[in-house]
Amino acid sequence: MGATPDVALIEQIVRQRLDEILPQKIEEKLAEMKANKTPSMTIIATKGTLDWAYPPFILASTAAALGWNVAIFFTFYGLQLLKKDISDLKISPLGNPGMPMKMPFGPDWFKGINWNIPNLVQAGIPGFESFASTLMRQTIKNNGVADISELRSLCLEAGVNMIGCQMTVDLFGFTHEDFIPEVKEYCGAASFLPMAQEADVTLFV
Amino acid sequence: MNFDKDLDARGLNCPLPILRAKKALSEMQSGQVLRIVSTDVGSVKDFQAFCKQTGNELLSQTEASNEYTFFLKRK
């Protein structure tokens with residue numbers, strides 16, 4: 001069998017050559033794929049208060065501005081952020097020791113005071129939450145931070161895909177008419193997970 | 001420096017300067033220059049990152065009396 005040594009030799013040469021060029025080829029191809037791929041992000045929004053409304057909408061609008069594909073899955077209290085009117089979202093300082101309680105008006109020394117109000121007092125005063133929410137809204141305005149309705153509109157304008165969790169809609173007794181018409185899709189975990197699997201960034205808020 | 005469009009982002013905070021800039025750029029032609037004036041100190045790093053990611057060119061950035069001026073050339 002005179003041909004056998006030749007085959008072995010050819011195979012050895014081919015292998016050697018492949019070892020030389022493959023790593024470089026793969027690297028080039030990966031770089032090309034990376035350059036051509038549109039980055040994507042999926043966010044799970046689970047909170048429905050004024051403060052927690054910010055992270056998903058800020059990140060989604062900014063990612064969209066960077067040219068990314070973005071989807072937000074609103075579940076549990078996060079569904080509140082899809083309501084037609086979100087101008088009355090509230091914040092609760094009760095049991096939230098991380099939240100500074102400062103006044104958004106008056107001279108600087110007054111604005112600098114951190115009002116350490118005991119939980120018992122906060123819980124006992126009717127309307128305390130609404131009062132705190134009003135102060136927060138004023139602080140947001142004073143600092144040139146976007147209004148949450150405005151941020152949501154900017155997200156929608158930029159093509160952010162907003163998805164409602166159908167299970168939570170049923171659980172809380174909502175109907176699709178309660179939410180903005182831009183929500184085209186209501187689905188469950190089994191639909192969201194494959195989306196998240198494909199995404200470069202996935203965040204739980 | 002000459003520019004084709006001007007964006008006043010003073011008093012706006014993260015992420016509004018970037019969002020407004022993105023919107024302004026989308027209404028411009030390739031090669032045109034956008035000037036942005038902002039007061040948000042965070043916008044300095046943000047505009048660098050924005051340009052790096054989107055491929056628009058950051059021609060210059062300067063600071064004068066707590067105002068930041070950026071010149072962006074549309075991709």
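Student: In which sense do strand 3 and strand 4 of chain B pair, and over how many bridges?

Tutor: Two strands pair if DSSP finds at least two bridges between them. In this predicted model, strand 3 (residues 57-64) of chain B and strand 4 of chain B run antiparallel, over seven bridges. One bridge joins Ser60(B) to Phe71(B) in strand 4 of chain B. As for the words, helices (H or I, at least four residues) and strands (E, at least two) are DSSP runs, numbered from the N terminus.

Student: Which residue takes a positive phi in the hairpin of strand 3 and strand 4 of chain B?

Tutor: That's Ser65(B), with a positive phi near 40 degrees; the hairpin has two residues between the strands.

Student: What else pairs with strand 4 of chain B?

Tutor: Strand 2 (residues 33-38) of chain B does, in the antiparallel sense over six bridges. Here Val37(B) stands opposite Thr69(B) of strand 4 of chain B. Strand 4 (residues 67-73) of chain B also has two faces: Tyr68(B), Phe70(B) and Leu72(B) are on the covered one, while Glu67(B), Thr69(B), Phe71(B) and Lys73(B) are on the uncovered one.

Student: How are the residues numbered, and how are the chains lettered?

Tutor: Residues count from 1 along each chain as its sequence is written, while chains are lettered from A and ligands numbered from 1 in the order in which they are written. Since you're looking at a predicted model, local features need pLDDT of at least 70 and side-chain atom pairs count only at pLDDT 80 or more, but totals for chains, interfaces and linings use all residues.

Student: Now for helices. Which residues of helix 5 of chain A are buried?

Tutor: First the idea: an α-helix has 3.6 residues a turn, so residues three or four places apart point the same way. A residue is buried if 20 or more other C-beta atoms lie within 10 Å of its own, exposed if 12 or fewer, and partly exposed in between, with C-beta atoms placed from the backbone. In helix 5 of chain A, the buried ones are Ala132(A), Ser133(A) and Met136(A). They cover an arc of only 100 degrees around the axis (taken from the directions from the helix axis to the C-beta atoms), which puts them on the same side of helix 5 of chain A. On the other side, Ser130(A), Lys141(A) and Asn142(A) are exposed.

Student: And what comes just after helix 5 of chain A?

Tutor: Gly144(A), which takes a positive phi of about 70 degrees.

Student: Which residues have the most contacts inside the largest nonpolar core?

Tutor: In soluble globular proteins, nonpolar side chains tend to be buried together. A nonpolar core is a set of buried Ala, Val, Leu, Ile, Met, Phe, Trp, Tyr and Cys residues joined through C-beta atoms within 7 Å. The largest here has 49 residues, and Ala60(A), Ala64(A), Val70(A), Ile72(A) and Phe74(A) have the most contacts inside it. Its largest share, seven residues, comes from helix 2 (residues 54-65) of chain A.

Student: What does Val70(A) touch?

Tutor: Residues are in contact if their C-beta atoms, placed from the backbone, lie within 7 Å. Leaving out residues up to four places away in sequence, Val70(A) touches Met41(A), Ala60(A), Ala63(A), Ala64(A), Val160(A) and Asn161(A).

Student: Is Gln166(A) buried, exposed or partly exposed, and why?

Tutor: Gln166(A) has 15 C-beta neighbours inside 10 Å, so this residue counts as partly exposed. You'll find Gln166(A) in helix 7 (residues 166-171) of chain A.

Definitions and conventions. Contact = placed C-beta atoms within 7 Å.
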